[in-house]
Amino acid sequence: MAATEPTTPRTYGNFRKPRTSGLRGLSLGTTLLLFAGLAAVVLTTLASVWAALALAAVLTAAMAPLAVRDRHGRTLMQRGAVRLAWRRTTSSGGHLYRSGPLGRTGFGSCRLPGLAAESVLTEAQDGYGRPFAVITIPATGHHAVVIACDADGAALVDEQQVDIWVAHWGQWLSVLGAEPDLVAASVTVESAPDSGVRLQQEIAANTVADAPDLASSMLREVLTAYPAGSAQITTRIALTYSGAARAGSPRRSAEDMALHIGTRLPGLTAGLSMTGAGIAVPMTATELAEAVRVAYDPTVASLVEEARAVGGSGLTWSQAGPMAAQEAWDHYRHDGAYSVTWAMTEAPQGEVFSNVLTALVQPNRDIARKRVTLLYRPHSRAEGARVVQQDYKNALFNAQQSQIGQARDDAEVIAARRTTEEQAQGHGVIRFGMLITSTVGSAADLAKAAAAVDNLAPAARIAVRPVYGSQAAAFAAALPLGLVLPMHTALPQTVRDAM
């Protein structure tokens, strides 16, 4: 009998946030501004010491909002800009939304609010003849398709099989960097109470009139007891493509992009079969409208399931939005529900296991409906090589500045070096973030939901903070709509980098 060597659990890590090329963690623009100010102070001393001191005080006051950061890495200027934007939004009434007979979106229309207000939903067929919905965002020229997955789950699954799933998932994400015109992807795992409608329909369809009394009574008891406390978990993957104009041709239309996406979908869904995602099929226009409608008004979930069983709800995109919505500084009220969205500010540090997010995505008794959305923006191979090389240079520069914190700086250099080696071996480079949305039925339950997320985030080895002043936009971005938030910001990219 051959002896088998014990295998150690596989770990994952090296999630890096690229270091800035400025001085001691400052951005490049802030560093150049600091050097220019110091040079001006030195030159001013030649004329007057008091004038130099006054200029130094002005420089300190100007640099403080750019240099001082909170524990989540946000500068005072960034926080002040959010406050000013929120004040402008509330003064103009942009935080309020009314549709239907009392709104301005057309009589009987309940379009989506906020970033998705101008979105258009069309339907096409992929290479397998399957119908799929295409969400078009005219403001950015993006077109998104949503794939519904019946995830297998890791219960009673060997650890080796889970590692294989994770490996194939990493390979699938790496392939996205070479996907033509793809700009972003997202994975939304939503947990909600099970209404029991599907179980009731299944039992009714398989029960005969002359069934034994014992079997009938047992099924009635199961129908009564099973839905209590059970949850329904859905997984959806949104892929966002750019319809930007190419050389010598105008911006591509929704029909052209539907043809382009339709030819890519069979391969993408087939690749998901090895990742533990189960059966992956593109969502139709009606299914996507139903999912968004339930997200904005959870009270209609059971009605939508009942209508789906008798031939479909017939919901259209103009009926998927809420009747009314109101955004507050720290929460979002939509129809009869209240939601709070958190954003990840720090990825897991060190090495983690494959089940690090299990508790976060599982149902929680203090949260009626919960969505955990992973946002991905893949780099192409050329962009990835440039990003990791620049990050390695910045890590070396920061390590050479001083001897204080030398061990931490050396660890950063080693991690950046490992990333460049992995990228050179063919691994993909991808930016990622996370949004967590908790939806409850009343404002009194918001405190319980916040406490639950505060307890779940440390277990997942991540740091989160509420998206203050942008709850409506964050709520929409956490839905499987294919929204790319950096493309909707008011500040240009250069200003954001300087801040």
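This is a predicted model: local features need pLDDT of at least 70, side-chain atom pairs count only at pLDDT 80 or more; totals for chains, interfaces and linings use all residues.

Guide: Residues are numbered from 1 along each chain as its sequence is written, and side-chain values use heavy atoms, with hydrogens and water left out.

Visitor: What average pLDDT does the chain have?
Guide: The term pLDDT stands for the predictor's confidence in each residue, from 0 to 100. In this chain 90% of the residues score at least 70. The average pLDDT is 84.

Visitor: How many helices and strands are in the chain?
Guide: Both are DSSP runs numbered from the N terminus: helices are H or I with at least four residues, and strands are E with at least two. Counted this way, the chain has 15 helices and 13 strands.

Visitor: What percentage of the 499 residues count as buried?
Guide: Buried means under 20% relative accessible area, exposed means over 50%, and partly exposed lies in between, with a 1.4 Å probe and protein chains only. Applied to the 499 residues of the chain, the buried share is 40%.

Visitor: Which residues touch the most other members of the largest nonpolar core?
Guide: A nonpolar core is a set of buried Ala, Val, Leu, Ile, Met, Phe, Trp, Tyr and Cys residues joined through side-chain atoms within 4.5 Å. The largest one has 46 residues. Helix H13 (residues 446-459) gives the largest share of this core, six residues. The residues that touch the most other members are Leu239, Ile436 and Ile462.

Visitor: Which residues does Ile462 touch?
Guide: Residues up to four places away in sequence are not counted here. With those set aside, Ile462 touches Met344, Glu346, Pro348, Leu360, Met434, Ile436 and Ala457.

Visitor: How many residues are in the second, separate core?
Guide: Its members include Tyr97, Ala325, Ala476 and Leu481. The number of residues in this second core is 29.

Visitor: Why is strand E6 largely enclosed by the rest of the structure?
Guide: Strand E6 spans residues 231-242, which makes twelve residues. It is largely enclosed because the number of its residues that are buried is nine.

Visitor: How many bridges join strand E5 to E6?
Guide: Two strands pair if DSSP finds at least two bridges between them. Strand E4 (residues 142-149) pairs with E6 in the antiparallel sense over eight bridges, and Ala148 stands opposite Arg236 in E6. Strand E5 (residues 182-193) also runs antiparallel to E6, with Val187 opposite Ile237. The bridges joining E5 to E6 number eleven.

Visitor: Is Asp181 buried or partly exposed?
Guide: Asp181 lies in the loop between helix H4 (159-176) and E5, and its phi is near 70 degrees, a positive value in a residue other than glycine. Most residues other than glycine have a negative phi. Its relative accessibility is 23%, so Asp181 counts as partly exposed.

Visitor: Which residues is His260 in contact with?
Guide: His260 is found in helix H7 (residues 254-271) and counts as buried at 18% relative accessibility. Leaving aside neighbours within four places in sequence, His260 contacts Pro180, Asp181 and Tyr241.

Visitor: Is Asp335 buried or partly exposed?
Guide: Asp335 sits in the loop between strand E9 (332-334) and strand E10 (337-346). Its phi is positive, about 50 degrees, although it is not a glycine. At 19% relative accessibility, Asp335 counts as buried.

Visitor: How many disulfides does the count come to?
Guide: A disulfide is a pair of cysteine sulfur atoms within 2.5 Å. Cys110 is buried at 11% relative accessible area, and Cys149 is buried at 11% relative accessibility. By the distance rule, the number of disulfides is zero.

Key
Contact means heavy atoms within 4.5 Å.
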